Amino acid sequence: MDAFISFTNQTQGQDQLFRATKYTCMLLRYLLEPKADKEEVVMKLKKLESSVSTGHKCLNLVIYFSCDPIIFVRSAGLASGINKEKWRMWAGRHYYYSLLLSLVMDLYEISLQMEQVAHDRAKREKSPSQDPLGYSVASEETEWLQFFLLLLFRSLKKHLPLLLYTVKNFCDILNPLDQLGIYKSNPGIIGLGGLVSSIAGIITVLYPQMKLKTH
């Protein structure tokens, strides 16, 4: 109980709970919409999703992107002259490029860790002619794939925060991809991705050792 209170007292913890609730509502609404007898539940989920989304923006007006306060002001009816859709697209592009850059950095860091794991394993091998992980990668394509996947698995196993942040960034980028029309998805996939991302964020708040250390 103390851990939960400590978690909810943190701004990051509240932020992740808002996100998790929002995307859970989105996912459930997508799953229930095809059912004829669930219209009332779907409407309630839609209203809850909208309320949570507004609360989420209120909580993050300072730490979120500069476009979000303008969109919030327009949504609240405080300034009718603002082109909400235009600013939403600007915010989406900014969010997309920042996530894309984060994913590129994640992949670069993963490649460095894979190289280090291969190097460390090679030093432990008795025979210098042996492949670092015990595979003859030059012989068959399947063996090369096995080598690559095993190397990737061992690298991420040793660096769980890197795995967590990579999964989080990948799930987060689904929303701007759909919003900008780069890759159209559906509320179910976006909701599931957002929920997974929120759970990853909650883990980093509950367990500080899972935060990715930047060099």
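Threonine 166 is buried, with 14% relative accessible area (buried means under 20%, exposed over 50%, and partly exposed in between, using a 1.4 Å probe and protein chains only). This residue sits in helix α7 (helices are DSSP runs of H or I with at least four residues, strands are runs of E with at least two, and both are numbered from the N terminus). Leave out residues up to four places away in sequence, and threonine 166 touches Leu103, Asp106 and Ile110 (contact means heavy atoms within 4.5 Å).

A word on the model: it is predicted, so local features need pLDDT of at least 70 and side-chain atom pairs count only at pLDDT 80 or more, while totals for chains, interfaces and linings use all residues. Numbering starts from 1 along each chain as its sequence is written, and side-chain values use heavy atoms, with hydrogens and water left out.

**The chain as a whole**
- The protein chain has nine helices and zero strands, and reading along the sequence gives α-α-α-α-α-α-α-α-α.
- Of its 215 residues, 33% count as buried.
- Take the contacts with a separation of 6 or more: residues 24 or more positions apart account for 64% of them.

**Where α7 meets α9**
- Helix α7 (residues 160-172) and helix α9 (residues 187-206) have axes that come within 8 Å and cross at roughly 145° (axes are lines fitted to C-alpha atoms, for helices over the stretch in contact, with angles from 0 to 180 degrees between N-to-C directions).
- The crossing of α7 past α9 is left-handed (the near helix is turned anticlockwise from the far one by less than a right angle; clockwise would be right-handed).
- On the α7 side, the contact uses Leu164, Tyr165, Val167, Lys168, Cys171 and Asp172; α9 brings Gly193, Val196, Ser197, Ala200, Gly201, Ile203 and Thr204.
- Sorted by type, the residues of this contact are seven nonpolar, four polar and two charged (Ala, Val, Leu, Ile, Met, Phe, Trp, Tyr, Cys and Pro count as nonpolar, Asp, Glu, Lys and Arg as charged, and the others, Gly among them, as polar).

**Two serines in α9**
- Serine 197 lies in helix α9 and counts as buried because its relative accessibility is 0%.
- Setting aside neighbours within four places in sequence, serine 197 is in contact with Gln16, Arg19, Lys168, Cys171 and Asp172.
- The side chain of serine 197 also makes a polar contact with the side chain of arginine 19, at 3.3 Å (a polar contact is a pair of N or O atoms within 3.5 Å; within protein, one must be able to donate a hydrogen and the other to accept it, and residues adjacent in sequence count only if both atoms are side-chain atoms).
- Serine 198 is in helix α9 too, and is buried with a relative accessible area of 0%.
- Not counting residues up to four places away in sequence, serine 198 touches Gln16, Arg19, Ala20 and Tyr23.
- The side chains of serine 198 and arginine 19 make a polar contact at 3.2 Å.

**A lysine in α3**
- Lysine 44 belongs to helix α3 (residues 39-59) and counts as exposed because its relative accessibility is 54%.
- Lysine 44 and arginine 29 are 15 residues apart in sequence and 9.2 Å apart in space, C-alpha to C-alpha.
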